[in-house]
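Thank you all for making time this morning. I would like to take you through one model, with the sequence and the coordinates on the screen, and I will give the cut-offs as we go.

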Amino acid sequence: MSASDVSVGAFLGASLKRQLLLAYRRPVDTINPLLFFLLVVTLFPLGIGPDPSQLAEFAPGILWIVALLASLMAAEGMFRQDYEDGSLEQLLLSPQPLYLASLTYTAAHWLVTGLPLTLLSPLFATMLQLPVAALPVLMMSMLLGTAILSLVGSIGAALTVSLKRGGMLISLIIVPLYIPVLIFAAGAVRFAAGGFDPQPQLLLLAGMLSLAVALAPFAISAGLRISVDAG
Amino acid sequence: MWTWFHKLGSPPWMYRISGRILAILLPLTIAMLVVGAVWGLLYAPMDFKQGNSFRIIYFHVPASVVALAGYYVMAIAGAVSLIWRMKMAEVAMKCAAPVGAALTFLSLLSGAIWGKPTWGTYWVWDARITSMLILFFLYLGVIALYQAYENKEAAGKACAVLSLVGMVNIPIIYKSVDWWYSLHQPATIKFTEESTMHSSMFQPLLLMILAFYCLFTCALLLNMRSELLRRGASTSWVRALAGAR
């Protein structure tokens, strides 16, 4: 069967399934960001004191900064394996649209890092004494925010995958682009904890997510092409 | 009609033309900087609230304005290099990054020095200062990415993509930082000078802004010329140039 016989839908399904299967076989990559999250959340009370009211005040910021760092850590290795074993090159040679293929990479990455983080965030938030009333808003902000982080992180990962020491570089490239997410998402949780309406921030996050879904794949596919050509 | 565009891609032509432009622009820039600085530092009236310390505005504001404009110059050059595969645009993009980063640093530094006598502290997490700091990181990201690639052709393309991503993000970052700040804003700190500035203070500022734009252009052209020589080190036109000296 030639590649052109495969419909785009089947290709996307197969691509996503492959990514998830690879992630399933390497559970460490999924568990590490969560462990990192737990470790850093443990460090904060030790560093700033166990006073519940003080912790509750800082909790929105702490949770979101740690989520940002965990996502940064996970983004680095996103294309690494496929770059090294040549699958990425095969993908570029295939007639399937790279725009959609890069979306499946991002979607798989979010399913194994962003989604578990979202689901476990109430646990971490409770450890940091965040008011229970703010938990639904925290989860909503994590749901929207980590998806944006995955998309933006993929751009950095695609641009640096061919470099030997991409670790520090990817932080320098991506962290400035993460700042709006941090501001709006932590702001939403802070509003919810303080008894205000967090809807504006959540809507802004949703708007940013729509923009990122539409535009980021262009940058990701351009980055992948450059990296494969350079290697 | 398009010959000028094609000539723009030719390193020897660009080298010659930029030399001629610089011969006029460089003395003009120095003259404007000297006149603007003397006018602003000595002859412009003293601010009745801030005294003489406000005079650092004549370096701070031009540096900030041109630092931001420089990012757009870099990103647009990057876009041109990606779309039309124009080497000269890639050279311009690569050379604009350090100039812009230096101006951003100058803006942050002069702001901190100005902040001490005015606000009593070197650093405030004010929206504009924070945005400039983020702009500085964006510049550093582009420079670091270029340095990291050994394959310089790929480096140029990667930096072009990154600077375009940054350009899309700059308005979002600025707005979000603005919004973040407006929540915490202490009502005491306000940038009122710009809107309410008297023309005797404003005219030298305008001259200095113009001078800084010219300074950016000069630095960019000088940087590009040395980059062209470096890239063309083994070509006949550079050898002829070196032989003529």
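Let me start with B:Arg85, which is exposed, with a relative accessible area of 66%, where exposed means over 50%, buried under 20% and partly exposed in between, using a 1.4 Å probe and protein chains only. This is a predicted model, in which local features need pLDDT of at least 70 and side-chain atom pairs count only at pLDDT 80 or more, while totals for chains, interfaces and linings use all residues. Residues are numbered from 1 along each chain as its sequence is written, chains are lettered from A and ligands numbered from 1 in the order in which they are written, and side-chain values use heavy atoms, with hydrogens and water left out.

B:Arg85 sits in the loop between helix 3 (57-83) and helix 4 (87-119) of chain B, helices being DSSP runs of H or I with at least four residues, numbered from the N terminus. Its phi is near 50°, a positive value in a residue other than glycine. Most residues other than glycine have a negative phi. A:Gln129 also has a positive phi, near 65°, and belongs to the loop between helix 6 (98-127) and helix 7 (135-160) of chain A; A:Gln129 is partly exposed, at a relative accessible area of 38%.

Leaving aside neighbours within four places in sequence, A:Leu205 is in contact with residues including A:Ile148, A:Val181 and A:Phe184, contact meaning heavy atoms within 4.5 Å.

And how much area is buried between chain B and chain A? About 2,200 Å², of which carbon and sulfur atoms give 85%; buried area is the accessible area, with a 1.4 Å probe, that two parts lose on being put together, summed over both. In chain B, B:Tyr149, B:Val161 and B:Trp179 lose the most area to chain A, together 23% of what that side buries. The contact takes 27 residues from chain B and 26 residues from chain A.

Methods. Helix = DSSP H or I, 4+ residues; strand = E, 2+ residues; numbered from the N terminus.
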